[in-house]
Each structure stands twice: as C-alpha cells, then as structure tokens.
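Me: I'd like to go through some of the labels used for this model and see what backs each one up. Can you set the values against the cut-offs for me?

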Amino acid sequence: MKPYRVIVTTVLSALAGATVLVPAVLSSPAQATPPTPGPIVKLWSWNWNSVARECTDVLGPAGFGAVQVSPPNDSMSKGGTVWWDIYQPARYTLTSKFGNEAAFKNMIDACHAAGVKVHADAVINHMTGQGSTSYGGYTFGKYDYPGLYSAADFHSPTCVINGSDYTNDGGRVQNCELVGLADLDTGSNHVRDQIAGYLNRLTSLGVDGFRIDAAKHINPADLSAIKSRLNGSPYIHQEVIQGNGEAISPSQYTGIGDVHEFVYGRKLKEQFGGGQIKNLQSFGQSWGLSVPSDKAVVFLDNHDTERNGSTMNYKNGDAYRLANVFMLAWPYGAARVYSGFAWGNSEAGPPSAGGGFVTDANCGNGQWTCFHRQMTGMARFNRVVDGAPVANWYDNGNNVIAFSRGNKGWVAINNEGSSVTRTFTTGLPAGTYANAAGSGSVTVGSGGTASVTVPARGAVAVHTGAVGPGPTPTPTVTPTADPGQVATTFNANATTTWGQNVFVVGDVAALGAWNPANAVPLSSASYPVWKGTVNLPGGTAISYKYIKKNPNGSVTWESDPNRSFTTPSGGTATRNDSWR
C-alpha cells in the first residue's frame, strides 16, 4: 500500500474523474426541496461552537438558507496534521475533532433559531485506509470496526480503482477501493441499515439534509435503498463529479437527490480568470453543465477543487469575489458559498490544539478565510430575486456586464481595471437602494434608469428588499452641537433580520439613561453600518451599548462589557463599533 501522503494526492484527481456503473434506479422517498429562499454556505472544517455563533451573528441575519458542516462522526485521527482524516470514518458516534454530540446539538438548535437549516457531510461509501485510533479514542482495523462492521461488510475480493476504470470499467469504480479506503458493501442489508441508522440519528437531532460524499462510488440502487430507510425527507445533494469521456454522468443520480455541479465552477474560472464575462449572457446547461438548474447545487469551489486547481479559490482575490457575486445573482441551481481555512500546504489541517481538535474560527487572525462574510449582502439579494427572470442585459463587449432579475434586483459587474460610469436600465421602481455588493447606494429614476459608477474589479447590486435585510429605514439626524456639547456620531456595524432596528443607549439622558424605550434610533441607510449623531456633554465619561429592537417588541442587547469613552471638551467625536 502506498504511503497515504501519496494516496491523498491521488484522491483529488480520482475524485475529479470518478464514475459508477448505473443500473435502473429504484423508487425512493420524495426529495426535500433545497433551502430556498436563501443560498447555502459551506463552513468547512469549522467546529460546532463556531458554526453556532456564525449562524446567530451572521448567517441568519444575512439571509443564508442553510449551512453545510463537515462530517460529524468519529474518524481516524492524524492528530490535526491533515484535513483528510475526517473522510476516513471509524464509527458513527458523534465524537469528531469538531466537537461532541452535545456541541453538535447546540449548534443545530442555534442555527434553527436563526432561521438557518443544517446539512451534514455524510461519508458512507467507505471506512478507513490507515490508522488504528480515532479522535474519540476508539480502536479499529481497516476491515474491523467492533460493534459496527467486520470483514464480511466490505466488498470482496478487495481491489483498488485504477485510473482507466473510470472510462473502461464502472463496476470496479463501484466495488473497488477508492485510493485504498475500505469499500463498504452497500448492497448488504446490514450495511444499509447501519448507514441509515446513522443518518436517522442525525435527523433526530435536527439535521435537515445531507451532502453525500463520494456518491459516484456507490451504486445508485444502493443509495436509493438507503434513502428508502430514512425518516422524513431530508434534502440530499450528492458529490458526483462530471468527467470527460465517461460512461456515467451526474444526471443518472438525480432520481435520488440533487447533484453537485462541478462544471459550473470550471466554466466561471474560464470567464472570470482570463476570458470575457460578456459571454455569460447565455450561461446555462448549454455550456456543458451536467444537470439542469432544478437539480443542481452550484459553487465556485469546494475543499477539493480549491486545492487541485480546477477552479478559482480565495487566493484569486477580486476575480473570485466577482464570480461569487455573479453566482448569487444568476438564476441557475441552488447556490453554495464556500469558506474554509487559509492554507499554503494543500494537505495541512485546520487550526487545532490538544491532539488535533479544531479551535474556534477567528475571522480576524488570517487563519480562516471567512469569505462568506463578503457575500452577506448578496445572500439577501439572492433571496429577494428568487424566481425572477433575467432582463435588461448590458455588456460592453468585454468584461463589464449588468442585468436585472425582473423588477426585484439589478447587478453590474466590472472585471476590468478601470471604473465604468454610465446610465443603466435597472428595471427597478424609482427609489434609492443600498449596494448589496459593496458600499454606497443607487438612485433609480421614474423610468427605471440610474447613473452608476461601477468600480474597477467591483460590483454594484441593488434589490427591492430595500436597505440590508429588511430593517425599517430611519432618517439620519445630524444635530447642531450646543455650547458645551459634542456632536457624537455612532457607527455600528450590525447585521439584522427583517423588522429589526438598531439603537444606541447609555448612561446619560441624551442616550436614554439606559432605558431602551428612550434609546436613540440609528439610520440603516449605510447598512450594515447603522449611523446616528447625538449631542453629548463635553469632557464627560460616557458608557453605552447597542441594542436591537425586534418586531415583536422585545429587545436584544449586545454582550458585556459596556462600551465607554470620554468626550472631548468641544468639537465632534466618532465611535466606530461592531455588534458583539
């Protein structure tokens, strides 16, 4: 057996070209619909505590529909040195390097409370290829998992998939070992029952859907039989990678659930990475995409493709960001935004401690990409324009495009090196709209036109969901400071849900004397930054906090401690804060 370092390098190319010999697909329970409105976000290798916090603070308020998390089961342990050990299951208990079952359940509850569904990565094609100890302290062998599987539960005689099998022998792709990983006999009723029992355990905890890892290596009839054993109708999306010249296509799995559209990211890399985005006017299945829109989960990259070079990734900067803006604005498939951790060594694991257990994600230390936070405005755009057709297309013959989604939203994307200013037809009602893809706003006239400057390597996107995720606009008031007082501007970066508004309250009368009923309203015109200016006594120590007033009349306070500062003796002051 080759050293696993070599095997893992092989798996990236193998997964990019894997295939399955497909018999007729058996009938199975109805497929749940995708998590619309709102896109999916994949928080890859984030621990459960971090996902819970992100659902509450960012994903829910931004309008993301679902979060896809990493495999929650116990796996072979490499002590945190690599990322791929989580794709070698040791057993189905919830003792992964991301947290225990209690933390997993707390995460689900927090995400649901924020209006975000949870999808779990399900590794059910195989078990391990090496190692003997799991993160949960379980001891196992490659074909021996006490209390779960024995040698009789794996395909026999054993064989390893060869590169030529993908075009010449789909049966070996189904029944042989993917890069030496012990291949489960998913035709066995015992194996099917064990897998279904695990997935049903996850749905009993609240999991709403599954990303089926390496689905291409499982006979579709076996997947259908496993699905028939599931409780309810969880949303299923499958990793079935399109390979050139193969007998098997992703479309042969659509009777089981939706399919990951790998061609999508490859095509957008061609256009945003050196082509002409004007060509995207016709972007769709005619471009060679493997499944139709209503069966596709689309994305720019995932944890494999960002490392194997087949797609763009966070290191591509503006081009990657603009391609994601396009994905969230264009009507094809269920869009999924990706965030993982920063990497130089493509095999290195996420930040960890204590034997490889993943530490909390920190979006400020450079170790986590947190790219989805750049797409919070576009997540709301995606939600608002759902179902509206493309109209009012414009391009400059090169790398500037614009289009509307009916009369619900409009976007302009500039993948060139200088800004563009012109009058666009937006299709929107007259009004002023905040830019969901950056800063500033757009004023649309009575004829639906607007004069807009689109920054170099930038985008402008506006929608009829008004400013941000639906707060009630409040006017900006700029008082003139009285003698002895200081005009103090509060700028609070805070995401909100529909109907929420942000206020500032503090220990002086001008800030409501800590009474939420008398708190000072802040304007959402520059959402997600809420702004307001208040006259405060000069030369005075001030304590304050931000609060959110909810549609039901309740109040949400930001966390302790109180904020504090001392006003100058005269002039003006500014406080720039982020909700905590």
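This is a predicted model: local features need pLDDT of at least 70, side-chain atom pairs count only at pLDDT 80 or more; totals for chains, interfaces and linings use all residues.

Me: Why is Asp 318 called partly exposed?

Reply: Its relative accessibility is 36%. Buried means under 20% relative accessible area, exposed means over 50%, and partly exposed is in between (1.4 Å probe, protein chains only).

Me: What makes Asp 318 and Arg 321 a salt bridge?

Reply: The definition asks for a side-chain nitrogen of Lys or Arg within 4 Å of a carboxyl oxygen of Asp or Glu. Here the closest N and O atoms are 3.1 Å apart, so the pair qualifies. Both residues lie in helix H10 (residues 318-329), three residues apart, about one turn of the helix. Helices are DSSP runs of H or I with at least four residues, strands are E runs of at least two, and both are numbered from the N terminus. Arg 321 is buried, because its relative accessibility is 16%.

Me: How many salt bridges does that rule give?

Reply: The count comes to 18. One of them joins Arg 201 and Glu 101, at 2.0 Å from N to O. Arg 201 is partly exposed at 36%, and Glu 101 is partly exposed at 29%.

Me: Why are Asp 121 and Arg 211 called buried?

Reply: Asp 121 has a relative accessibility of 1% and Arg 211 has 0%, so both fall under the cut-off for buried. They form a salt bridge too, with the closest N and O atoms 2.8 Å apart. Asp 121 sits in strand S3 (residues 117-122) and Arg 211 in strand S4 (residues 209-212), 90 residues apart.

Me: What makes strand S13 largely enclosed?

Reply: Six of the six residues of S13 (residues 409-414) are buried, so the strand is largely enclosed by the rest of the structure. Gly 409, Val 411 and Ile 413 point one way, while Trp 410, Ala 412 and Asn 414 point the other way.

Me: How do you know that S12 and S13 pair?

Reply: Two strands pair if DSSP finds at least two bridges between them. Strand S12 (residues 400-405) and S13 have six, in the antiparallel sense, so they pass. Ser 404 stands opposite Trp 410. In their hairpin, which has three residues between the strands, Gly 406 takes a positive phi near 55 degrees. S13 also pairs with strand S18 (residues 458-463), antiparallel over six bridges, and there Ala 412 stands opposite Val 460.

Me: Why do S22 and S27 count as edge strands?

Reply: They belong to an open sheet of four strands in the order S22-S23-S19-S27, with mixed pairing. Strand S22 (523-526) and strand S27 (572-578) each have a single partner strand, so one side of each is left without a neighbour in the sheet. Inside that order, S19 (residues 485-493) and S23 (residues 529-537) pair in the antiparallel sense over nine bridges, with Ala 487 opposite Asn 535.

Notes
Residues are numbered from 1 along each chain as its sequence is written. Side-chain values use heavy atoms; hydrogens and water are left out.
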